[in-house]
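Take a moment with the sequence and the model.

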Amino acid sequence: MKKNREQLLMDSINRKTVSKKMYLLSLLPVLLMMILIFSFSAKTATESDGTSSVIARKVLKVIEMVRGDIADGQMDAALATINHIVRKTAHATEYAILAILVANHLRVILVPIRRLFWYTVPLCALYAASDEFHQLFVEGRSGRFTDVCIDTAGAAAGTLLFMLLLYFLKRWNEKDQDDMIIRRKTVLR
């Protein structure tokens with residue numbers, strides 16, 4: 001009996017160690033993504049525009065190849081529009097990634113799936129608001145409520161994507177278990 005108690009104690013200690021490791025391993029990508037977002041926001045308006053302009057020019061070249069040449073008078077307007085779309089898409093994408101990482105961390109710390117959306121999206125929205133506040137102090141940048149809304153929409157999309165992935169993984173595991181039970185019954189006959 002004493003050995004069983006010792007074994008139970010060791011099992012409990014091992015579970016706590018694994019939990020702590022999983023906690024830290026799931027939190028680290030969240031923190032790294034937050035640092036990455038912060039570093040993007042710390043760029044001046046000129047630096048930030050330069051980064052998105054490079055992508056916008058490449059997109060414009062692809063559009064030109066598909067549609068044909070764009071008139072010189074329309075080139076600047078087209079580039080400005082594409083640059084704007086690239087910037088807003090980047091906002092939504094980086095917060096979708098952050099939300100997936102936050103949702104994963106929350107699952108590791110055993111937040112129920114039914115509450116995952118209601119915890120993840122507000123946490124990401126709060127970070128988005130703090131990020132826009134931070135931009136108020138960066139040269140040439142401004143904090144915009146519309147950017148917080150875009151970031152939050154990206155976070156909502158990322159969270160829903162993560163929850164959908166969890167649903168399909170659960171269904172897949174259930175199907176595998178059902179297949180294993182059927183195989184066992186077949187072998188036993």
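Questions and answers on this structure follow.

This is a predicted model, in which local features need pLDDT of at least 70, side-chain atom pairs count only at pLDDT 80 or more, and totals for chains, interfaces and linings use all residues. Residues are numbered from 1 along each chain as its sequence is written, and side-chain values use heavy atoms, with hydrogens and water left out.

Q: Which pattern does the protein follow along the sequence?
A: Helices (H or I, at least four residues) and strands (E, at least two) are DSSP runs, numbered from the N terminus. The protein has five helices and zero strands. Read along the sequence, the pattern is α-α-α-α-α.

Q: What percentage of the residues in the protein is buried?
A: Buried means under 20% relative accessible area, exposed over 50%, and partly exposed in between (1.4 Å probe, protein chains only). The protein has 189 residues, and the buried share is 27%.

Q: How does the span of helix 2 agree with its number of residues, and what is the distance between its end C-alpha atoms?
A: Helix 2 covers residues 45–67, which is 23 residues. The expected span is 1.5 Å times one less than the number of residues.

Q: Against which helix do the buried residues of helix 2 pack?
A: In helix 2, S48, S52, S53, A56 and L60 are buried. An α-helix has 3.6 residues a turn, so residues three or four places apart point the same way. The buried residues of helix 2 pack against helix 3.

Q: Which residue takes a positive phi just after helix 2?
A: Look just past the end of helix 2. The phi there is about 105°, and the residue is G68.

Q: Which residue does K88 meet in a salt bridge?
A: Side chains of opposite charge can pair when their charged atoms come close. A salt bridge is a side-chain nitrogen of Lys or Arg within 4 Å of a carboxyl oxygen of Asp or Glu, and the count here is one. The pair links K88 in helix 3 to a residue in helix 5 (residues 145–188), 59 residues apart. At 2.6 Å, N to O, the partner of K88 is D147.

Q: Is D147 buried or exposed?
A: K88 has a relative accessible area of 16%, so K88 is buried. The relative accessible area of D147 is 4%, so D147 too is buried.

Q: With which residues is H91 in contact, leaving aside its neighbours within four places in sequence?
A: H91 sits in helix 3. With a relative accessible area of 11%, H91 is buried. Contact means heavy atoms within 4.5 Å. By that rule the residues are E132, D147, I150 and D151.

Q: What is the angle between the planes of F117 and W118?
A: Rings of Phe, Tyr and Trp (its six-membered ring) pair if their centres lie within 6.5 Å; planes under 30 degrees apart count as stacked, over 60 as edge-to-face and the rest as tilted. The count comes to four aromatic pairs. F117 and W118 are one of them, edge-to-face at 5.0 Å centre to centre, and the angle is 85°.

Q: Is W118 buried or exposed?
A: F117 has 18% relative accessibility and counts as buried. W118 has 61% relative accessibility, so W118 counts as exposed.
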